[in-house]
Amino acid sequence: MDRTSVIFGNKMPESVIRKAEKSKRDFIKKFGDDSGVDYHFTAKENSVIGKSLGVQELCLSDKDELSLPENAVIIGNIRMGFGHYRISMAMASAAKKLGYVPYWLDLCSLKGTTCAKIIEHQNELYSLGSRISQKSRVFNKVVWEPVNYDMFKQLSYNAADQKNAELMANAIKSLPKDVPFIATHVWPAQAAVHAGFTNVVNAIPDNWPMALHYAEGSIHTVQTPSAYLGYKALREMAKRRLKPMPDGTLFDVGHYVDDELTANIESDNAARIKRIKDGKPRRYLLTVGGAGAQVDIFAHIISRLLPKIKKNKAALFINVGDHKNVWEQLKQKLPKLADSTEHFNDFDETESFCADAIEGEVTGVHAFCNDDIFAAVYSTNLLMRATDVLITKPSELSFYPVPKLMIKRVGGHERWGAIRAAEVGDGTYECDTLPQIYTMLDLLQSCDEALLNMIENISKNNKAGLYNGAYKVVELATGKFTK
């Protein structure tokens, strides 16, 4: 199946096709071609989010023993940072709510396959670039920002990705093709299309239109009207005029948010308002991304908050994910963090703490870390419900229904997440310098009106259905979607 030569009716130049074919040959030379290998799968309940979200993990098996129920939905993803896992959890949560069984398919976990080798290689490069970009202004300006903002935008980039995805399809071709397939990264979507799946939904995460997110042959979804227009028109994706995406292949569904967060928006907002009126410590949640970048910025933010925490004017949650080294670095920079309460590698305890914190009392600094990737990511979801202000870079968390302080982006495309949050009023604009961060932090700490305004906007957005995107993606995948 050729998805490289013509994309949405736009014929690609011969030079682009040759470059794409060379990229595929280079990957074969580096990682091999397993197209003649038959892979089989089994399923097991996820040890962390199996009971709460109903997640079953699809794993490679020596035997052909997989049997999926009629209400199965496959959620295809990769671990690239934490974002795509987090969006997958939103889809799983929505699927369970709507009566389906979510089957988790992480292409990176298919060890030994050409598919996993290719993704692991590219993921390592992206993580390295993310970390360097936070330490070198020159690298960030000359290399990282242009790559994330301009290179990934070009239709020629999608042509190469589609050719490389031909090497990923074999790893999943044994799975039943008629099962609804939701992809939270473009590579699983492309792999599923090439493998012959008949109902693939490609849940695009970014608010900035980039051609790398296209998986022609699938249904595409986005979270905002501006993203819809940009992707529909193939905005600035080539120097020539391009044909738009065909009708019926792209939908603006709203923000991808977990059911347990969406269903509790009003009660969580009420708890926030009560804390404000009662003069309780302002609660902040600081999250570390999957690449472990931005340690220096986090240290400055924490240092700014520590005096307020000491006076019981603020409380702080820090989730370092599975990056314990980041926590150690923070403690070296800020010795006062040695007095923090650590919640490490005990997800049951973390769940209990978060449940109690929603309406209970919280003081001091609480650090969270878990070696398990599912626990590492999902801990942030649990903490959000008990948080007054989420401090985050403008990535996938930009779209969540919690007041947000947006700090400096890691990739150029992320700036549009902050723009979205600022426009719908549930977050700040991007504060990309320390003085800007300090100004906004002080405002949200001392000005009840500013925080209450965000909370009110979240309620307004909720009434308009803005946070229902994950439900609609599941409905699209299962043929139940109606506008």
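**Helix 1 crosses helix 6 in a right-handed crossing.** A crossing is right-handed if the near helix is turned clockwise from the far one by less than a right angle, and left-handed if anticlockwise. The model is predicted: local features need pLDDT of at least 70, side-chain atom pairs count only at pLDDT 80 or more, and totals for chains, interfaces and linings use all residues. Residues are numbered from 1 along each chain as its sequence is written, and side-chain values use heavy atoms, with hydrogens and water left out. Helix 1 covers residues 14-31 and helix 6 covers residues 155-165; their axes lie 8 Å apart at an angle of about 40°. Helix 1 contributes Val16, Ala20, Glu21, Ser23, Lys24 and Phe27 to the contact, and helix 6 contributes Ser156, Ala159, Ala160, Lys163 and Asn164. Contact means heavy atoms within 4.5 Å. Axes are lines fitted to C-alpha atoms, for helices over the stretch in contact, and angles run from 0 to 180 degrees between N-to-C directions. Helices (H or I, at least four residues) and strands (E, at least two) are DSSP runs, numbered from the N terminus.

**Helix 6 is mostly covered.** Eight of its 11 residues are buried. Buried means under 20% relative accessible area, exposed over 50%, and partly exposed in between (1.4 Å probe, protein chains only). The buried residues are Leu155, Asn158, Ala159, Asp161, Gln162, Lys163, Asn164 and Ala165. They pack against strand 1, strand 2 (10-11), helix 1 and helix 7.

**Ser5 sits in the segment before strand 1 (6-7).** Ser5 counts as buried because its relative accessibility is 18%. Its side chain makes a polar contact with the side chain of Asp2, at 2.6 Å. A polar contact is a pair of N or O atoms within 3.5 Å; within protein, one must be able to donate a hydrogen and the other to accept it, and residues adjacent in sequence count only if both atoms are side-chain atoms. Not counting residues up to four places away in sequence, Ser5 touches Asn10, Lys11, Met12 and Ile17.

**Strand 8 is covered on both faces.** Val200 and Asn202 are buried on one side, and Val201 and Ala203 on the other. Strand 7 (residues 181-183) pairs with strand 8 in the parallel sense over three bridges. Two strands pair if DSSP finds at least two bridges between them. Val201 of strand 8 is the bridge partner of Ile182. Strand 8 and strand 9 also run parallel, joined by three bridges. Here His220 of strand 9 is the bridge partner of Asn202. Strand 7, helix 7 (residues 186-195) and strand 8 make a right-handed β-α-β unit. The crossover is right-handed if, with the strands pointing away from the viewer, the path from the first strand over the helix to the second runs clockwise.

**Tyr214 lies in the loop between strand 8 (200-203) and strand 9 (219-222).** Tyr214 is buried, with a relative accessible area of 0%. Its side chain reaches the backbone oxygen of Tyr231 at 2.5 Å.

**Six strands form an open parallel sheet, in the order 13-14-12-11-15-16.** Strand 13 (341-344) and strand 16 (404-406) are the edge strands, each pairing on one side only. From one strand to the next, the twist averages 20°. Strand 13 and strand 14 (residues 365-369) pair in the parallel sense over four bridges. Glu342 stands opposite Ala367 in strand 14. Helix 12 (residues 324-333) packs on the sheet, touching strand 12 (314-319), strand 13 and strand 14; its direction makes about 170° with that of strand 13. Helix 14 (residues 373-385) also packs on the sheet, where it touches strand 11 (282-287), strand 12, strand 14 and strand 15 (389-392). The direction of helix 14 makes about 155° with that of strand 12.

**Asn319 lies in strand 12.** Asn319 counts as buried, at 3% relative accessibility. A polar atom of its side chain lies 3.0 Å from the backbone nitrogen of Gly321. Leaving aside neighbours within four places in sequence, the contacts of Asn319 include Leu286, Thr287, Phe368 and Leu383.

**Leu305 is found in helix 11 (residues 295-310).** Leu305 is buried, with a relative accessible area of 1%. Leaving aside neighbours within four places in sequence, Leu305 is in contact with Tyr284, Leu316, Ile391 and Leu441. Leu305 and Val365 are 60 residues apart in sequence and 10.0 Å apart in space, C-alpha to C-alpha.
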